[in-house]
Every structure is written in structure tokens, then in C-alpha cells.
Amino acid sequence: MGKAAIAPLAIIGAAIAATPALAQSAPQGAIVIPDDVKIFGNDNPNVRKATAVVNGDVITGTDVDQRLALILAANQNEVSEEEMKRLRLQVLRNLIDETLEIQEAKANEVEVSQAEIDQSYNRVASQNFKQDLSAMDAYLKRVGSSPESLKRQIHGELAWQRLLQRNVAPFINVSEDEVKETIDRLKASKGTEEYRIGEIYLSAAPDARQQVYNNASQIVKQIREGGSFVAYARQYSEATTAAVGGDLGWIRLAQLPTELANVAREMQPGQLVGPVEVPGGFDILYLIDKRQVLTADPRDAILALKQISIGFKPGTTEAQAGERAESFAKAISAARGCGDVDEVAAGVGAQVVTNDQVKARDLPAQIQTAILQLSPGETLPPFGSLDEGVRILMLCGRDDAQADNGPNFDQLMAQMEDERINKRAQMYLRDLRRDAVIEYN
């Protein structure tokens, strides 16, 4: 699921040397840690400085501050001083990985032009600021970041993807027989459930498990308080899915490690769970959605709806609102379907809004099931508040979704190739970390 990485071990010095018999009995190359570890000196392995030099390239405090500002702006949450320290450490680790990726791409003569970086940056501006680059630049500076910081992140992602496409992808082989077997298994599993899951993976060496668990718990807390799962996944996750906000895509539980499959099986769409301990670290899971394999999902139905609403005058009491809402609901229930409701609504001073392109899954979860059980002309119970008034939804029509035939041969082969590239990418980055010369300032 995530990147396999060995975190820095505690400084145990002569404590290991003092147990020669244990070291000799271990497999060649194994890391041996005795039960009675003694720490020599005052160095704390969990303390890292704010800046670093990675194979000669400097990561400055400003680099960390500006990338951290992007995270805080994306989540719009106040964080404690302790949480801020954890965030800074994670951002520094991310920048170290990013630097290693850029360096490796350069060493392999894989180039990313400034024009390509600018084009991606402009696309972000287009999506969020309607192509207004000056507004984008001003926003980044206002939150304490900079265009250069975001462009460096874009550079890192493009360089790494291009390097993998050149040095890894050509050596990935998925045979036609493998794809056909997978398609056959997919058809045989028709009707079983698939899950679309988001993940945030944090690796943890044995001596750092408690610290990483605490970090993961803080991330869960921040997301539950309104933080963006996608933003946290992009910045903190050590899985290769970080670049796509942690999205694993549609998978079956059999494709997950047992620890995660057992958790995901009990989750409902929109639910966040974690930290879940897995071999090598911890996972945070977010269930984006679930569906049945090769089966039409009722929630993909396109609905034609009419929303009938009334407001309350300032000063209206709860009791008065209740009486008004009851009278309103009674009047609408007397309407003879969608063709008659406009006239009835006008008679009680209500407004009607029509929309015939509403996808059921886009409605709030508590409404989806109820509205899919309606027949044309029927309504849901009224809902609302003193401030927003009362609304009633009437179903006017429904176009059911067609059964999903699943990915075709080419799509499935591409998906299987991507999965194998991702696994190789994890090993690649692990090796870069192992061989890196890093000085902390």
C-alpha cells in the first residue's frame, strides 16, 4: 500500500557492540536491537532540525514555511504549537523526497521545461481563479506561500512521473493472459462490492511507532475538524497515491491487506477511520464511495425534481414556523403531481425551482435512499430551518443508470501496469533515501 522505508534508528552505539552473540546469530544484513537498549549521549532521534542539505542541495527554512503555508491554507484550521511542529517535520521529509526525485531525474537527463511547469501552474489558476494568474499569485503570497513554492512541487511531480515512464515503465510487463484472467474474475464477481478508498500512509520503524501513531492521530483529528483529506494525502502520505490525493480508485477488499480489508468492510461512504496499524506503518482510510461490481448503481439515476419552498418572516417563533410548515406540507400533498404543483404553490405563496438533471448520488446521504423510493409525483417530508425556510422535494421523473460493463481490455491492462509501476516507484525512492547524503542544519 505505501512506501517501504526504514526510519532513522535510535543511537544505540556500543549497546549493540556489547551483544556479539546476538549479532552473530542474526541473518546476514539484519538490524539487531537487543531488548535492554541503552542510549548513550543526549541526542534525541525524534528531533530534526528545520533545514537540510540533500546531496548538496539546500532546503531552507523559507522553503519549509511556504510549503507549510499551503497546507494550512488548504485546511483553514488553527493548529496547536505541538501540531505545527509535527507538520513542519513532515513537510521537511516531503521536501527531502521531492529533492531526491528532482535530482534523480536530472542525473538521468530527464528534463522538465519551465514552459511545462508554467502550463500546469496556469491550469491550477484556471481551475481555482478563472485563469487570473495575478489573483493566484496574490493568494499564495497572502497565505504566506509563493508561486515558486507551488511550481517547485509541480516540478517534482512532473520530473518523477517522467522518470518512471522512462526508467521503469518500459520494463513492466503485463501479459494478455493476465488481463483476460482478471476480466474473467471480474465477471465472476459480478454483484460483489467494490470500494473507492482514499489512503494516507505513514511509515514507521519500530523505535518510532508511537511518534508516527501520534502524528497520524493528529491528522485524523484535523480532517474531522474540517481539513481536506486530499490536501493532507498530497502533503503527508508516503504512498504513491499521494500525487492523486490518496485515491486508490475502485478496488475489491481482496486487493487490500487483511488489516485494511477488515476495517473497510464496515465503513460507510464519507467515513474516516484510522490510524490502522499495518506492516511497516499506519494507514488512514477514507471511504469515498462503494458500489456493486458490473451492476447498475441506483444512485447514478438522473432525477427530475421540483423544489417547493417558503420562507419565514423575521421574528417568527418556532411554534409559528411549525404551524406554517404543517399547513404548507398539507397543501403540497394535495397537488396532483408535478403538473399541478406550480399552481398549488402559487396559492400558498411558495416558490418552485425545477431541475431535471440531478444525479441521485449528488444529494445529501440522508436524502438519497428516501428519494429513490419515491414514485413520480410523490414528495419527501418537509425540511429546513427558521433561517432558511421550509422546502419540499417532489420527484417528477427518473432515468435509471445502465449496468457498468467494467473496464475494457486496454483500460484494465493500463491499470495493472500502473499498479506495478507504483510498486517499483516505492522501491526506487526507498533506494534513493538509503543512498542520500543529508545534513541537518
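**View 1. Cys-396, a partly exposed cysteine in a predicted model.** In this predicted model, Cys-396 has a relative accessible area of 27% and is therefore classed as partly exposed. Its disulfide partner is Cys-338, which counts as buried because its relative accessibility is 14%, and buried here means under 20%.

**View 2. The disulfide between Cys-338 and Cys-396.** The structure holds one disulfide, and in this link the sulfur of Cys-338 lies 1.9 Å from the sulfur of Cys-396. A disulfide is a covalent bond between the sulfur atoms of two cysteines. The link of Cys-338 and Cys-396 is left-handed, with -100° about the S-S bond. The pair connects distant parts of the chain, for Cys-338 belongs to helix H13 (residues 338-347) while Cys-396 belongs to strand S10 (residues 389-399), and the two cysteines are 58 residues apart.

**View 3. An open sheet of three strands.** The strands follow the order S2-S1-S11, and their pairing is antiparallel. Strand S2 (57-59) and strand S11 (438-440) stand at the edges, where each has a single partner strand, so that one side of each is left without a neighbour in the sheet. From one strand to the next, the twist averages 20°.

**View 4. The pairing of strands S1 and S11.** Strand S1 (residues 52-54) runs antiparallel to S11, and three bridges join the two strands. Within this pairing, Val-54 has Ile-438 of S11 as its bridge partner. Strands of a sheet pair through backbone hydrogen bonds, either parallel or antiparallel.

Notes
Residues numbered from 1 in each chain as written. Predicted model: local features only at pLDDT ≥ 70, side-chain atom pairs only at ≥ 80, totals over all residues. Heavy atoms only, no water. Disulfide = S-S within 2.5 Å. Helix = DSSP H or I, 4+ residues; strand = E, 2+ residues; numbered from the N terminus. Buried < 20%, exposed > 50% of the residue type's maximum accessible area, 1.4 Å probe, protein only. Pairing = 2+ DSSP bridges. Axes fitted to C-alpha atoms, helices over the stretch in contact; angles between N-to-C directions.
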